[in-house]
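Subject: Structure handover

Dear colleague,

Here is the structure for your files. Please look through it first; notes on what was found follow below.

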Amino acid sequence: MHTRRRTTLLTASLVLALGAGPLAAPAFASPAPSAPVCGAAPSDKALCEAIEGLPDGSTTAALVRLSGTEGSWQGSSGVRDLVSGRAADPDARFRAGSTTKVVTAAAVLRLAARGEVDLDASIERYLPGLLGPEFKEPVTVRNLLNHTSGIQPGVSWGDTFEEQYAHRYDTLAPRRVVKSAVAKGPAFTAGDQQQYLNINYTILGMLIEKVTGRSYASEATRLVLRPAGMEHTYFPGADPRIRGPHHRGYQAVPRPDGTTRLVDVTEWNVADRWAAGDMISTTADLERLVTALFGGQIVPEPQLREMFTVPTDIKGAAYSAGLTRWEHEGTVYWLKTGARPGYSTAIAATEDLSRTLVYALTDTDAKDTTPNPVAERIKRAALG
């Protein structure tokens, strides 16, 4: 998607695309903002204020969970969809985007703990013939985990929202994406730089399947979801729907006259994101994931150290195995964000779990590089 600044929406009259052709739809009245539903905790006032006034131009619903040594808090705001205006469901499922990478990394590290995967081994040991002769230096499993592989992005349905939306029901096979990526040759020698890309985790999904002889979805469920108690999380594959209770997602699309319309993007085939970003989850399940993971219940030491280790010999490196190191007001958090059209989410926690934060937004421009204002307010209230 081309980078653009967030556009202020006319909340009195929003427009949806509901199957009448690409980006065409009837108008309707936007639901009036309602008071958020908030739990009780020392920080409840600030967090409640952070999610007030939804739906607005950037976000139609927000779900937040905060926990740690000072207690737990849960809040929700906004609506399930702009047609009915029903209040947001705290247990709603959503597209979790790149938080899928945390699960993939944990699955690989569990296999490493069992001696089935060597993190220092070339990926070619497990997937012979994957890389062409242009890759003169080996690419290790660890290089894939911490985004230092040098493998370039693969083919996609396009760079703009309009191009991608036109293919929202089509399947782009992960292996086709990988084949097109490695055909380009390396962008840099493995280990020399760090570049965050989905392709690294798509290949890790292939590794999991080759080593176990079973599908990525079944192994990620067996190795990570089930031990963490994530009963409402699943991998949709090529199914464009979100099963069970969920919020509708919308994408803001500017008109030539400067106004904005919203397109319903709830249904979307994300098979190409696969082990890098196709997971559907809930805020409660993501909280269970980070708590079980950081607590050593899924990945044992020393493999768990990989999730809290960034390369020390690469200037500006911030990515570990599945996570990002982020220092805020003197405290180090390990976090992962995720974004798919209509949905954005994040998990963040201190290594000792003294504070954990999970939020999920139905974000009207989730792939924009400009921070969502509701997300920024949540982070300030929860972590500031």
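Helix axes in these notes are lines fitted to C-alpha atoms, for helices over the stretch in contact, and angles run from 0 to 180 degrees between N-to-C directions. Helices (H or I, at least four residues) and strands (E, at least two) are DSSP runs, numbered from the N terminus. This is a predicted model, in which local features need pLDDT of at least 70, side-chain atom pairs count only at pLDDT 80 or more, and totals for chains, interfaces and linings use all residues. Residues are numbered from 1 along each chain as its sequence is written, and side-chain values use heavy atoms, with hydrogens and water left out.

Helix packing

The axes of H2 and helix H8 (residues 216–228) come within 9 Å and cross at roughly 90°. The two helices are therefore roughly perpendicular (65 to 115 degrees).

Of the 14 residues of H2, 13 are buried (under 20% relative accessible area; exposed is over 50%, partly exposed in between, with a 1.4 Å probe and protein chains only). H2 covers residues 100–113 and should span 20 Å at 1.5 Å a residue, the expected span being 1.5 Å times one less than the number of residues. Its end C-alpha atoms are 20 Å apart, which agrees. Gly115, with a positive phi near 80°, follows H2.

Aromatic rings

There are nine aromatic pairs in the structure. Rings of Phe, Tyr and Trp (its six-membered ring) pair if their centres lie within 6.5 Å; planes under 30 degrees apart count as stacked, over 60 as edge-to-face and the rest as tilted. Trp326 and Tyr333 have ring centres 5.8 Å apart and planes at 40°, so this pair is tilted. Trp326 is partly exposed at 27%, while Tyr333 is buried at 4%. Phe161, Tyr165 and Trp268 form one aromatic cluster.

Backbone

Most residues other than glycine have a negative phi, and most peptide bonds are trans. The bond between Leu54 and Pro55 is cis, with omega about 10°; Pro55 lies in the loop between helix H1 (44–50) and strand E4 (59–68). The bond from Glu301 to Pro302 is also cis, with omega near 0°. Glu329 has a positive phi near 55° and counts as exposed at 62% relative accessibility.

Regards

Key:
Parallel < 35°, antiparallel > 145°, perpendicular 65-115°, else oblique.
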